[in-house]
Amino acid sequence: MPHQHPESTLAVMDPIALVAFLATGALAGLLAGLLGIGGGAIIVPALIGIFGYLHLDGLWAPHQAVATSLATIIATGSVSAYSHHRRGAVDWPIVRLLGTALLIGAGLGALAGGEIAPIWLQRLFALFLFYSGARMLLRSGQAPQQPLPPRPRLLGAGIGFGALSALLGVGGGILVVPFLARHGVALRRAVGTASACGVPIAAAGSLGFVLSGWGRAGLPPHSLGFVYWPAALAIIATSMPLAHLGARLAHRLPTAALKRVFALLLVVVGIGLLRG
């Protein structure tokens with residue numbers, strides 16, 4: 001019987017942790033609706049920090065942060081996608097074309113993630129944040145636009161996007177938005193389409209991490225596989241309404257300027273996780 005910290009069984013009752021979970025959900029939901037990023041870039045590092053405060057930072061903390069993030073993105077991404085759909089900003093033919101590939105890739109990525117050493121999963125996520133932020137900051141001007149690739153290449157890209165997104169606990173927007181924008185999809189429409197693409201990624205990824213974490217020794221109570229449900233439910237409670245607000249603001253605010261601020265945040269968080 002694995003040793004559990006006595007605090008872990010009362011983690012959901014800790015008022016500071018509850019406020020932190022709710023605040024994380026609010027920020028992640030707002031950014032999900034505003035920028036189409038799914039919120040995982042905020043949720044995963046926040047959960048790693050909160051788990052440390054709750055003494056849940058054991059062997060599987062990075063896996064639990066990634067898996068829990070994916071579980072919340074199912075709800076947040078659905079609200080964000082619906083809000084964008086109501087404004088005609090979701091390209092459903094692209095979503096339908098990529099959907100199966102994203103599902104397959106996300107399932108494979110999550111199952112593979114269960115076999116990666118926790119410290120390397122955290123480092124991989126940190127490098128991904130740093131690279132994504134730096135790329136967004138250094139990109140100059142409008143990249144030359146190209147037509148969407150042929151169906152086989154598009155499906156291959158979908159599998160790759162799904163696998164990497166599930167492995168890192170993100171909704172896929174950080175990958176899908178620039179990909180679609182580079183291929184002639186308007187930025188706001190790319191954001192809405194990426195929000196819809198994040199739902200199958202999160203669903204398949206969550207299931208994969210539930211299965212790969214099933215029966216693992218050292219997981220805290222209230223876990224289903226690698227998903228830590230007290231955190232997931234608290235985050236969903238605030239991320240869903242804020243995702244709707246973010247989607248509304250995306251059609252009013254200068255998203256290009258907001259993306260630069262977010263990019264700087266990614267770089268700072270990535271460096272912090274690498275050092276941690």
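Trp 60, Phe 209 and Phe 226 are joined into a cluster by ring pairs. The structure is a predicted model, in which local features need pLDDT of at least 70, side-chain atom pairs count only at pLDDT 80 or more, and totals for chains, interfaces and linings use all residues. Residues are numbered from 1 along each chain as its sequence is written, and side-chain values use heavy atoms, with hydrogens and water left out.

Rings of Phe, Tyr and Trp (its six-membered ring) pair if their centres lie within 6.5 Å; planes under 30 degrees apart are stacked, over 60 edge-to-face, and the rest tilted. By this rule there are four aromatic pairs. One of them is Phe 161 with Phe 179, an edge-to-face pair with 5.2 Å from centre to centre and 75 degrees between the planes. This pair links distant parts of the chain, 18 residues apart: Phe 161 lies in helix α6 (residues 151-168) and Phe 179 in helix α7 (residues 173-182). Helices here are DSSP runs of H or I with at least four residues, strands are runs of E with at least two, and both are numbered from the N terminus.

Phe 161 is buried because its relative accessible area is 15%, and Phe 179 is buried because its value is 7%. Buried means under 20% relative accessible area, exposed over 50%, and partly exposed in between (1.4 Å probe, protein chains only).

Phe 209 belongs to helix α8 (residues 187-212), and Phe 226 to the loop between β1 (223-224) and β2 (227-228), 17 residues apart. Both Phe 209 and Phe 226 are buried.
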